[in-house]
2 protein chains.
Amino acid sequence: MFNAKSVALGAEPSAIRQLFAYGLQRKAEIGEDKVFDYSLGNPNVPSPAEVTEKLKQLTTQDPVSVHGYTPATGNPTVREQVAASLERRFGGDVTADDLFMTDGASTSVSMCFRAMVTPGATDEIIVPVPYFPEYRTWGEANGGKIVEVPSRSDNFQLDIDAIDGAINDHTAAVIINSPNNPVGVVYTKNTLEALAEVLRRASEKYCHPIYLISDEPYRELVFGDHEVSWVPDIYDDTVVCYSWSKSLSLPGERIGYVYVPKKASNAHELFTALAGAARALGFVCASATYQQVVGACADVMPDIKPYERNRARLMKILDDCGYEYIEPQGAFYLWMRALEDDAQAFSDKAKEHELLLVPSDSFGVGGWVRLGYCVAEKTIVNSEQAFHDLYNDYNK
Amino acid sequence: MFNAKSVALGAEPSAIRQLFAYGLQRKAEIGEDKVFDYSLGNPNVPSPAEVTEKLKQLTTQDPVSVHGYTPATGNPTVREQVAASLERRFGGDVTADDLFMTDGASTSVSMCFRAMVTPGATDEIIVPVPYFPEYRTWGEANGGKIVEVPSRSDNFQLDIDAIDGAINDHTAAVIINSPNNPVGVVYTKNTLEALAEVLRRASEKYCHPIYLISDEPYRELVFGDHEVSWVPDIYDDTVVCYSWSKSLSLPGERIGYVYVPKKASNAHELFTALAGAARALGFVCASATYQQVVGACADVMPDIKPYERNRARLMKILDDCGYEYIEPQGAFYLWMRALEDDAQAFSDKAKEHELLLVPSDSFGVGGWVRLGYCVAEKTIVNSEQAFHDLYNDYNK
């Protein structure tokens, strides 16, 4: 009687959320400090002071103008502030009209999918694996076909030849996420240039632009010498999906944007399609308050030191134990090889030591687990023995 | 190349937004006090002090817990606060598990449509006319067929026989909106009971429940002796869509809920389908901040005196001129008969007097205009001459 897909989606347990819920219950049972919950990507670093300052300031202003509707595309002043900040940081010609303020990356990506694919037309979206599982949900919900392409098994950079091989006349877009959730890898400039070359050739061959959707909520969370390239500089037909969830630690407030560079093919029509997609998805406008907050904080950079400390501490523990993992270059995830082929079984075994590690199956690949280290430092410190014990279970 | 429906939706000018944009431009040209803008439903009454107090209080709390993700269904404490408030006000058995916190009525209604209809299955949603135009957008975007049923031409109450006649085996739901946008009518208890009787009989005849979606963002804005019935008391298979946009003057913050009463048929499966629909629409959670605000303000009632004053003042002017209109019973809209059959032409004529009135065509019917009187009192006072002049254009 109801929409069967909606029922199935609603009933389908997200492995991440399920593990998180288990953790909450377990903490209630044995104490918060006894459970080592690496399940979620909820930043533990407080929002910068500028966020709270702006919120305070807004409470002193006229509520009618603070809380009123904004245009669907966003508060014009905020769009100008964000555009100016992007220009300062990345150059190019960015103006307010190129930006559509959204409810965060989820809405940004959903809008792109809905704008770019037509149900029944077998339009395809290429997704490098492993990947954020909701890409499939949003792609399929909007009538697209998700085409998985495994990344390189040695370093989890994009497998350019494999992507090239997966492109065909139905390919509408490729979506990438760098710094990457779940692996923590940052795609090198060389990798992105090679991808751009492939996409340019394929766009020419198939006589339509293949868009590159660059989903970048972790853009500012990058460690050491690694650099996050500004993708529109590398490939003209890029659409940037951004969220302040991670950079300003505002995941529950749902605020982000889609940026369509002027030089992208059919930029105006694409922007129009995004506006229509937003309407179809029931989107009215992003929170008026949080639009003003991110406008005021457009140049504020996150404090990544706590993540750097956590990362170093976690790597040290894993090294001491003998685990194999991909050294995180950005975001706040560590991708660790499970000690048996069945990642779910390994995750279950980890639970026995109160370690909550997300099995990689949810991200489209077996044999690994994701550790979200956006947690309190003491969680990592206290989990050391558990990691040793888990390792010893497999290496007696 | 793009989704043609998305492009069309994005390019389609909303008559309301178009008129509002014209008003902004016109105000810049001739001065704000010279333009009498009745186009929008953006409340001019400030949010209650409790809203600002709660916002201030949140700025003194730990940002990590204030701004973190909530479950998709909402902050558990907030859901309890809202459930308790509904129980206090309307009785019945309402618990947190019956409520799904959303980004306002737009998301609430979109979720219901997506949960209840299956693309390709010719599922129908009955919509009394005139109606909020986005019902069609959201219904069709989620694969439903919108079936328009004219309301009674004398008083714009529901035409129960016409609804009865429009129901068939494909009917999934009927959506009502009382107090009504655009007419300002409040459906009487008798009307709703007659509707319930028809729906019960039809549900039995067609062997599946026909849901009544009660979209109630104006529930608390009601004047004089008129009463807004609590629809779940009248019909078991009701789903309530609510938004605090109007009652707490928070339209730009996007906060509301869907309430599925326990006694509704297949309540649990429907709630699951709503959760799946939300995921498919790219919804993650409603703003964590504004969830906490509405939780704290669940019992706060709006100050409707400014709307009452505006309503009285506007009616006096229209009476003096000689216009025909439906006396507003709730919401903040007045439904006035155009002085010629072509509502768009009448709206254009009104523009010559700097009066911005939305032609009724956008609401599915010709011959009327909608006046949103959620404006500054002086706008109404200053518009008196313009209404006289417009009337005289047609009655020389």
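View 1. For 396 residues, a compact globule would come out near 21 Å, and chain A has 21 Å, so the two agree. (That radius is taken over C-alpha atoms, and the globule rule is 2.2 Å times the number of residues to the power 0.38.) This is a predicted model, where local features need pLDDT of at least 70, side-chain atom pairs count only at pLDDT 80 or more, and totals for chains, interfaces and linings use all residues. Residues are numbered from 1 along each chain as its sequence is written, with chains lettered from A and ligands numbered from 1 in the order in which they are written. Along the principal axes, the C-alpha atoms of chain A fill a box of roughly 60 × 55 × 55 Å.

**View 2. Here is where chain A touches chain B.** On chain A, 64 residues are in contact with 64 residues of chain B (contact: C-beta atoms, placed from the backbone, within 7 Å). Helix H11 (267–280) of chain A is one of the helices supplying at least two residues to this side, and H11(A) gives the most, with 10 residues. (Helices are DSSP runs of H or I, at least four residues, numbered from the N terminus.)

**View 3. In chain B, H3(B) meets H12(B).** The axes of H3 (residues 49–58) and H12 (residues 288–296) come within 9 Å and cross at roughly 130°. (Axes are lines fitted to C-alpha atoms over the stretch in contact, and angles run from 0 to 180 degrees between N-to-C directions.) Among the residues making the contact are B:Leu55 of H3(B) and B:Val293 of H12(B).

Conventions: Two residues are in contact if their C-beta atoms, placed from the backbone, lie within 7 Å.
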